[in-house]
Amino acid sequence: MMNCKQATHLMSEDLDRPLRWRERMALRFHLMMCGGCRNFRQQIAFLRAAMRMRSGGN
Ligand SMILES: [Zn+2]
């Protein structure tokens with residue numbers, strides 16, 4: 001079972017590279033039980049969208 005440190009690490013890795021299937025499954029499982037990491041993931045998703053807008057997509 002992965003801990004919060006590993007989960008947040010994986011979530012930030014996910015910004016740089018595609019996660020492996022196993023990592024994704026472990027992360028999803030952790031997120032089901034951990035509200036703190038779900039919040040963190042939402043923040044990261046927001047940051048990521050903001051970064052995309054900045055880099056001038058479209
Ligand atoms: Zn957690």
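Predicted model: local features only at pLDDT ≥ 70, side-chain atom pairs only at ≥ 80, totals over all residues.
Me: What makes the site of the zinc ion tetrahedral?
Reply: The angles among its four donor atoms run from 103 to 114°. The ideal angle for four tetrahedral donors is 109.5 degrees.

Me: How do you know which atoms are donors to the zinc ion?
Reply: Cys4 (SG), His30 (NE2), Cys34 (SG) and Cys37 (SG) coordinate the ion at 2.0 to 2.4 Å. The cut-off for N, O and S atoms is 2.8 Å, so these four are counted as donors. Their spacing in sequence is C-x25-H-x3-C-x2-C.

Me: Why are histidine 30 and cysteine 34 called buried?
Reply: Buried means under 20% relative accessible area. Histidine 30 has 5%, so it is buried. Cysteine 34 has 13%, so the term applies to cysteine 34 as well.

Me: Why is glutamate 23 called buried?
Reply: Its relative accessible area is 18%, and the limit is under 20%, so glutamate 23 is buried. This residue sits in helix H2, residues 21-33. Apart from neighbours within four places in sequence, glutamate 23 contacts Leu10 and Arg17.

Me: Why is methionine 1 called exposed?
Reply: Exposed means over 50%, and methionine 1 has 69% relative accessibility, so it is exposed. Methionine 1 lies in the segment before helix H1 (4-16).

Me: Which residues make up the nonpolar patch on the surface?
Reply: The patch is formed by Met1, Phe29, Met32 and Met33, which together have about 500 Å² of accessible area.

How values were computed: Residues numbered from 1 in each chain as written. Heavy atoms only, no water. Helix = DSSP H or I, 4+ residues; strand = E, 2+ residues; numbered from the N terminus. Buried < 20%, exposed > 50% of the residue type's maximum accessible area, 1.4 Å probe, protein only. Contact = heavy atoms within 4.5 Å. Donors = N, O, S within 2.8 Å, 3.2 Å for Na, K, Ca; no water. Tetrahedral: all angles 85-135°; square planar, octahedral: opposite > 155°, others 65-115°. Patch = residues over 30% accessible without salt bridge, like charges linked within 9 Å, V, L, I, M, F, W, Y side chains within 5 Å. Areas by Shrake-Rupley, 256 points an atom, 1.4 Å probe, with all protein chains shown as cover. Salt bridge = Lys/Arg side-chain N within 4 Å of Asp/Glu carboxyl O.
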